[in-house]
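Reader: I'm new to this one. Can you walk me through it?
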Amino acid sequence: MALGPRLDLRQSQSLVMTPQLQQAIKLLAASNLEIEAFIGEALEANPLLEAGEVAREATPTEGEPDDVPREEFTADQLIAQGQGEAEAPLDIDSDAIDRDVDTGDAGTGFDESGDWAASGASYSLDDDLSPLDRATSELSLADHLEAQIGAVTQSAAELFIARHLIGLLDEAGYLAFDLRDIAADLGVDRQDVKAALKRVQSLDPSGVGARTLSECLEIQAREADRYDPCMQKLIANLDLLARGDIARLKRMCQVDDEDFADMLSELRGYDPKPGLALGSSTVGSVVPDVLVKSNAAGSWDISLNEATLPRLIVNRTYYVELRDGSPDKDAHNWLREKLSDANWLIKALDQRQKTILKTASEIVKRQDGFFRKGVSELKPLTLREVADSIDMHESTVSRVTSNKYLDCERGCFELKYFFTSGVARIGGSGDGEGASSEAIKSRIKALIDGEDPKKVLSDAKLVELLNEEGFDLARRTVAKYREAISIGSSAQRRRQKKLAAL
């Protein structure tokens, strides 16, 4: 057969991911804070965009291209129809879902019931400052130490080394580098580095600059003038304390029950992570995207937190001035392109808001029991179930619920929190109804919190109690859930309760 060029006509289907469609998908998955940053960049790049408030739907300016139907499409529909490539402007009412909302209180809770002394070097802590206090603290640990170090050093060389050491501390206040390596990097003697470290360890907060937990506690005990031989042996044997070997510790320390209880109480008063008392740049607060409040009718008011979202409008007066002020064809094409980009962005943001609100409303509807009675009423829910109910694709629901938070009377939760696997109930109807894994975890925690310190519940006993309540669970499943909520085994809890009773 002879080889040669020829022309063929073929018909095929393909998905065209235009820049506009990619932008719409990206905006759908972004959080409100990310959208705020994106809008700021868009305002700088497009002179026709303005942040403002309008209460009417903008009408096309005379001579403005308006040959595209004003239809609303979701990202799913655009993908299905291949209509992401249109460059014509799409005017919308940017005030369509604007409301006056109160941001409310994020109310995120943290469980700090663990006792760090019972877990040895696990570094659980009981701080006076909340995470939000640390996030809003204006003074960092390094700044706090820098302000003090000049008063305790004796030479410029020692001050230089001490400042270098301060820069190496982690946010908890620990030094995780070997002194030999530091000395080699600076080209100084190891003893000089050790002397400078002593200066750093003398600063406030007490315990900062330590290399281990034992050294951190030793520094605090010395400052409190409680570092006697007995306390020295106790701090040197934290591993025995973690295992709950109280009898051996008392023999090593040569103290009676009363003195040992006093030493343990003193030890618990020390801070295992002194650096966290100062501000940390890595800690941030959560800003909710959806607000849920109960109303007088007994239902729920669901709204978007638009306090973080400036609304965009197109400055049509400026558009007309620029269009009429320049006869250049390239300038007119540039203006049309910017107008198209502005309208498309406004359209994408509006559709994003509606999609988030629609998805959140369906979640609240399906998890009504949670909002009324708590986590025990949280039902199993999948992305597909919500997607089918609101007539969207499962991937769209996944994007909408990523990095989005819902604030309600029970706290602030990520939207993904409400999607959880289910556990069948004994004697259930088999219609898919059951308890969610989060509800099971909550029940396990409640049972353990209420256990008798002298009769700690084993995993087998927890299975028995949960089976009596109608939950069909295996022992390994209970163990998995218990570990997921950071609760130790029965042996570990027994040692902790024994220590707590001292």
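Author: We'll take the sheet, then the aromatic rings, then the cysteines. Keep in mind that this is a predicted model.

Reader: Sheet first. What is the strand order in the open sheet of four strands?
Author: The order is β3-β2-β5-β6, and the pairing is mixed.

Reader: Which strands stand at the edges?
Author: β3, residues 300-304, and β6 do. Each has a single partner strand, so one side of each has no neighbour in the sheet.

Reader: How much twist from one strand to the next?
Author: The average is 20°.

Reader: And in which sense do β5 and β6 pair?
Author: Antiparallel, over four bridges. β5 covers residues 405-408. Cysteine 408 sits opposite glycine 411, which is in β6.

Reader: Which strands does helix α15 lie across?
Author: β2, β3 and β5. The helix spans residues 329-366 and runs at about 155° to β3.

Reader: New topic. How many aromatic pairs are there?
Author: Nine. Take phenylalanine 370 and phenylalanine 418: their ring centres are 5.4 Å apart and their planes stand at 80°, so this pair is edge-to-face.

Reader: Where in the chain are those two?
Author: In distant parts, 48 residues apart. Phenylalanine 370 is in helix α16, while phenylalanine 418 is in the loop between β6 and β7.

Reader: Are they buried or exposed?
Author: Phenylalanine 370 is buried, at 2% relative accessible area. Phenylalanine 418 is buried too, at 0%.

Reader: What does tyrosine 417 do with phenylalanine 418?
Author: They form an edge-to-face pair, 5.6 Å between centres and 85° between planes. Tyrosine 417 is partly exposed, with 23% relative accessible area.

Reader: Which residues form the aromatic cluster?
Author: Trp300, Phe370, Phe371, Phe413, Tyr417 and Phe418.

Reader: On to cysteines. How many disulfides does the search find?
Author: Zero, across the whole structure.

Reader: Remind me, what is a disulfide?
Author: A covalent bond between the sulfur atoms of two cysteines.

Reader: Is cysteine 253 buried or exposed?
Author: Buried, with a relative accessible area of 2%. Cysteine 216 is buried as well, at 0%.

Reader: Last one. Which residues of helix α21 are buried?
Author: Thr477, Val478, Ala479, Tyr481 and Arg482. Just after α21, serine 486 has a positive phi of about 60°.

How values were computed: Residues numbered from 1 in each chain as written. Predicted model: local features only at pLDDT ≥ 70, side-chain atom pairs only at ≥ 80, totals over all residues. Heavy atoms only, no water. Phe/Tyr/Trp six-rings, centres within 6.5 Å; stacked < 30°, edge-to-face > 60°. Buried < 20%, exposed > 50% of the residue type's maximum accessible area, 1.4 Å probe, protein only. Disulfide = S-S within 2.5 Å. Pairing = 2+ DSSP bridges. Axes fitted to C-alpha atoms, helices over the stretch in contact; angles between N-to-C directions. Contact = heavy atoms within 4.5 Å.
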